[in-house]
Structures are given as C-alpha cells and as structure tokens.
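These are my notebook entries on one model. I set down what I looked up, in the order in which I looked.

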Amino acid sequence: MENSRRQVKESFYSYVTPKKTADPELIHVSDAMLDEIGLSESDKNSDAFLKVFTGNEVLSNSKPYAMCYGGHQFGNWAGQLGDGRAINLGEVVHNDKRWALQLKGAGETPYSRSADGLAVLRSSIREYLCSEAMYYLGVPTTRALSLALTGDSVLRDVLYNGNPDYEKGAVVCRVAPSFIRFGSFEIFAARGDHENLKKLADYTIKHFYPHLGAPSKEVYVEFFKEVADRTLETILHWQRVGFVHGVLNTDNMSILGLTIDYGPYGWLEGFDFGWTPNTTDAQHKRYRFGNQPNIGLWNLYQLANAIYPLVDEAAPLEKILNDYKSAFEVKSLKMMKEKLGLYEESNQDAALILQLEENLELSETDMTIFFRNLSKFTNVESGDAILKEALYVFEDVSNDILKKWKDWFVLYSKRLKEETLTKRERTERMNQVNPKYVLRNYMAQLAIDAADKGDYSLIEELFQLLKQPYSEQPDKEKWFAKRPDWARHKVGCSMLSCSS
C-alpha cells in the first residue's frame, strides 16, 4: 500500500502497510481485552499474534488503513491531520460487540507530515497502562490489547528543546468500537465535501447510534445531542478522578465520547484547577484541569459547525450547546456531592463545595488521598488526621489556612447530620466514586525506567493494581502515597510533551 505523505481528498481513509520491525518482543497483553475480541491464551502465545500485533504480518483478506481527519489544535484550524502514527488492522465483531484494532507506532502513513509514524517505549507504556486503568475507574475510554517492543531505535526530542536522543521503539494495539473523531467530520465540512460528510454521519449513526433510526435532519440533531451528552459525561469523570487529558484538540475528541489519544496526560497530585501536564500548553494553559469542561463545549461548537450543512438550521444545535452549560452545572454539583457523601437536597451544598475547592488550592493537597480519606470523617477533630495525610508539608501550613479548614470541617460535620445514611453506608458509597489508586505520574515513570532496563514486572504490578482502583488492596498500600520529592520536577512526572 502507498504510505507517502500527501493531501487526501474525498476519502475517509487510505490503505497503508505497517512497517516491519527489527526484533519484535511482546511485553504485556490484557487478558480481559483478549477475551473481548474472541482470542484465547494459546492465541496470545502464538508467533502469529506477535507478528500481527507488531505490524510484521498482515492477516489475509485484510487491508490495513489510516484514517483521514482534520482538527482544531490549540484553538486554530490545522487542516488535514489524520492517523500519522496509527494504522487500523481491521474490525472484529464478537459477542455482538464491534471492535476496531489499531496499531499505534507502526510506521508512516499519508498523514505523518514531517514525523516518522513510530512510537517509543515510554509513551507506549503510558498509553497501555492508562487506557486500561481508566476503564476500571469507570471512565469511558479506548482500551489496549497489547504492548510490544519493536527492536528499533527511534529518535525523539522529549521536551522539544533541541536535544533529541534515541529511544526504544514500541507498538501498542489499542481497541475501541470506533476511532472516529470530531475532526473526521470537520475535514469534510472545511472542504465543502457535503456528500462525504453525509456518508460519514450516516455510517456513524447506523453502526454506533442505530437506536436513533434512519438518518434525517431530526436524527442528525439527536445524534449531536447524544455526542454532547457523552462528551460531558466523560469530562465529568475526568474531573471526578483528577485526570487531565493535556491536549484536547478536536482531532483528539471521540465521536463516541471516549477518552482517546493518551499523549501528555497527567493525574493531579496537588489539587490545582490551573494545572496542565503539557509543556506545549504551559504558557496559556488552555487545557488545564479546571478548563476541561469549557474546552469540551468549545470543541462541540466546532462539531456543530461541521454538521450544520446536514441540519441547515442553527437553533436546534445551539439549544444543545446551551443545554450542555446548564447540564454541567447540575451534574458537576451532583458529582461533587457524591464525592463528599452528600445525597439529600440542600441549598447550602454549592457554597460548601466552593469553599472546599478554595481550601484545597490554598496549599498543596493531594487530591486522591484527601477525597479517599474523607470517607473516614467522623467529627471536626478527625479532619486534622485527614489533612495531615493529604497535605504535602503540613508543618508549613499557616494558622490562617488551618482555621479555614477547621471552619469547613465544622460546616461539613453539620451538613452530614442532615443525611439519612449510616456512617458505614456513606463510607461504602464514597469509596465507590473516590478511587484509592490511580496511575500517578511517578508510578508510570517507575514502570518506564524499569522497562527501559528490561524489567517488565512493574508494568504487570501496576496493571493488576489498577484493575481494582476502588478496593483497599492492603498489600499494595505503598501506592497510596503522595508524589515523592524526586518526582516533583522530573521529566515524565510533572510535565510532558506531545511526543511523550
């Protein structure tokens, strides 16, 4: 197949051939995902599995392809983008579920632009671990099937500072019902190709929103509404668990509302609405934690503009966008109340939550530890123990800040008395929405450092840990800890680039 870089017109995808690798080696396979696509343990251990899922062999009667799409990057229209380092092997239908299998890092495509289409071990480990971790957290996401070394060396400039170096090449097989993005629609709209825009919308509705019925103007509106609802749901999950995507361009937005494209993502260590993990975003912080819901809306505006030619009426699309704003307020409040164990109606809750968020930002406070331990709250005095474990440097916190915390705990204690659940029932429910274990940035980096030396045991340990993020797992307690000092400014633990 032809992999040369070019502008691809009037096409949804281009046939391509994955790059053969020097010495492929399988590092890890998700048995759960293996089962989802109908493969067995013996399949996993076969030579054919290794070859197919590293791009070294193409299954007979299949035609690998790279998808064409455009997108707004950091708020600016970027034109044609497409799968620059992702190659779709094909689709599998098993147990009435459709799965697209895609290799990330399998070589050049027509959409690679000036890049090589390859991936390195560190970014591949991060994507592999995080996509599965997000699934078990209950966050809509693409999945991962396998992680493999290619045996090739790949040149990368980690921080875009003019210091490139060779790293180990790797390939991840990621899996989703579909990898169609907002940008898939934008490219046809931008080119005035309304015929293919309609074909794409009709295909998407037929296979992924079939309950909406036969395509029509009304169905296109309903389709957009469901995409908006799913997008908001996913972003609210991110806010709940402290995940920051890092690069929410429209080409990184799934039409199915999935978390897609794990690049320079990060997990909040200290609670900070202004934090972004992306070095490219460090100045303007467009994709900071607190702005993710707004960016979701901005991206939906771009999708609305793209599908407008199919509807030819602005009002119904504008209503959905306005509904997103009001729905966010309602659902965000509900989500935060659940994190606090508040289920009864109260007109004081919004103010209580706002004061809490302000307190959390007054001094460096570990988000995961604070909310998980809040389920242990019994009285105002118990708040001290929660703070001591969650604050990074408790001794340095001023008396003024400690007083604000005590005032909040007094209000929280009073509010809890309005609840009808028992302490045990509240604890159980809070622990179902406040994870104990997330893929902290330093944890992923430890796995990367070990794997770089040929030790893959930490990948397996973290993989198993993160399959039960809401369980106590007493033998894994060491991972329920604040970021260590050595990781505060270490590359890969604090800030990452889009090549990460």
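Entry 1. I began with the contacts of Asp251: leaving aside residues up to four places away in sequence, Asp251 touches Tyr69, Gly70, Gly71, His72, Gln73, Leu81, Arg181, Gly183 and Asp261. I took contact to mean heavy atoms within 4.5 Å. The model is predicted: local features need pLDDT of at least 70, side-chain atom pairs count only at pLDDT 80 or more, and totals for chains, interfaces and linings use all residues. Residues are numbered from 1 along each chain as its sequence is written, and side-chain values use heavy atoms, with hydrogens and water left out.

Entry 2. I looked up the record for Asp251: UniProt lists Asp251 under "active site" in an unreviewed entry. Such annotations may be inferred rather than shown by experiment; the positions are given in the numbering used here, and feature names are shortened. I located Asp251 in the loop between strand 11 and strand 12. Helices (H or I, at least four residues) and strands (E, at least two) are DSSP runs, numbered from the N terminus. Asp251 counts as buried because its relative accessibility is 8%; buried means under 20% relative accessible area, exposed over 50%, and partly exposed in between (1.4 Å probe, protein chains only).

Entry 3. I turned to Asp261, one of the residues that Asp251 touches. Asp261 lies in the loop between strand 11 (243–244) and strand 12 (266–267). Asp261 is buried, with a relative accessible area of 11%. I noted a phi near 65° for Asp261, a positive value in a residue other than glycine.

Entry 4. I found a positive phi of about 60° at Asp312, which is not a glycine either. Asp312 sits in the loop between helix 8 (292–311) and helix 9 (315–340).

Entry 5. I examined helix 15 (residues 441–452), where 9 of the 12 residues are buried. Among them are Tyr442, Met443, Ile448 and Ala451. The buried residues of helix 15 pack against helix 4 (121–137), strand 10 (165–176), strand 12 and helix 16 (457–465). Just after helix 15, I read a positive phi of about 90° at Gly454.

Entry 6. I compared helix 7 (residues 217–241) with helix 9: their axes come within 10 Å and cross at roughly 25°. Helix 7 is therefore roughly parallel to helix 9. Axes are lines fitted to C-alpha atoms, for helices over the stretch in contact, and angles run from 0 to 180 degrees between N-to-C directions; angles under 35 degrees count as roughly parallel, over 145 as roughly antiparallel, 65 to 115 as roughly perpendicular and the rest as oblique. Residues of helix 7 including Phe224, Leu232 and Leu236 belong to the set that meets helix 9, where the partners include Leu317, Tyr324 and Phe328.
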